Amino acid sequence: MEVHEKLGELAALVSGARGVPLSSSVVVDREQLLALVADVRRLLPAEVQQAGDVLAQRDEVLEAARVDASELLSEARSRAEELVDAQAVTKASRERADHIVQTARDEAKRLRLDADAWVDRKLADFEDELDRLKQQAARGRDRLKVRDTGTEPAADAGPGPDASATTSESSS
């Protein structure tokens, strides 16, 4: 910086000047002092202008940094909200899927129990029908034995409620 150099020359001129006897004053070459002051005045506006430019650039850089920081912060907040929303959607989806799976399991269990009950009823009906057919077969065999031996069937093996069905079956 030339202004500082010129100010240094001024300081050197004053400190190297001859002192006036019996006083704190010094004798300085007027032309040399005025030339240095003129140089400083000439250089000072340029230096001040450069400093102003640096300050203006600094302000522009700071403002650009503030704008960038604000944009980054805004983007970060927006992204964070998106992630939170996505996480909420994901959580809700998982909960809904869990609910659907549990409902399906409950429905499958209910259907299985209903099917088991239906099959049990049908098997019981079939068992009853088989018992009825077994009794019919036993009565039919008893009648055959009676016919072959010519004796009456036992009183407990007499025709039951299905006697008409047996009679119609044997006549066919």
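**Exercise 1.** Does L123 count as buried or exposed, and at what relative accessibility?

*Solution.* Start with the cut-offs: buried means under 20% relative accessible area, exposed over 50%, and partly exposed lies in between (1.4 Å probe, protein chains only). L123 has 51% relative accessibility, so L123 counts as exposed. Helices (H or I, at least four residues) and strands (E, at least two) are DSSP runs, numbered from the N terminus. Last, look at its partners. W118, V119 and L123 form a nonpolar surface patch of about 300 Å². Nonpolar side chains (Val, Leu, Ile, Met, Phe, Trp, Tyr) are joined within 5 Å, like charges within 9 Å. Areas come from the Shrake-Rupley method with a 1.4 Å probe; for residues, only the protein chains shown count as cover.

**A note on the model.** This is a predicted model: local features need pLDDT of at least 70, side-chain atom pairs count only at pLDDT 80 or more, and totals for chains, interfaces and linings use all residues. Residues are numbered from 1 along each chain as its sequence is written, and side-chain values use heavy atoms, without hydrogens and water.

**Exercise 2.** Find the largest nonpolar core and the elements that build it.

*Solution.* Get the order of elements: the pattern is α-β-β-α-α. That gives 3 helices and 2 strands. Now list the core: V3, L10, L13, L36, V40 and L43, 6 residues in all. Helices α1 (2-15) and α2 (30-149) each give two or more residues to this core. A nonpolar core is a set of buried Ala, Val, Leu, Ile, Met, Phe, Trp, Tyr and Cys residues joined through side-chain atoms within 4.5 Å. Over the protein, 9% of the 172 residues count as buried.

**Exercise 3.** Describe the backbone and the exposure of L22.

*Solution.* L22 is not a glycine, yet its phi is positive, about 65°. Most residues other than glycine have a negative phi. L22 lies in the loop between β1 (18-19) and β2 (26-27). With 90% relative accessibility, L22 counts as exposed.

**Exercise 4.** Decide where to read the model with care.

*Solution.* pLDDT is the predictor's confidence in each residue, from 0 to 100. Its mean over the protein is 83, and 85% of residues reach 70 or more. Among the elements, α2 has the highest mean (89) and α3 (residues 163-171) the lowest (46). Over residues 163-172, pLDDT stays under 50. Where pLDDT is low, the predicted coordinates should not be read in detail.

Technical notes: Patch = residues over 30% accessible without salt bridge, like charges linked within 9 Å, V, L, I, M, F, W, Y side chains within 5 Å. Salt bridge = Lys/Arg side-chain N within 4 Å of Asp/Glu carboxyl O. Contact = heavy atoms within 4.5 Å.
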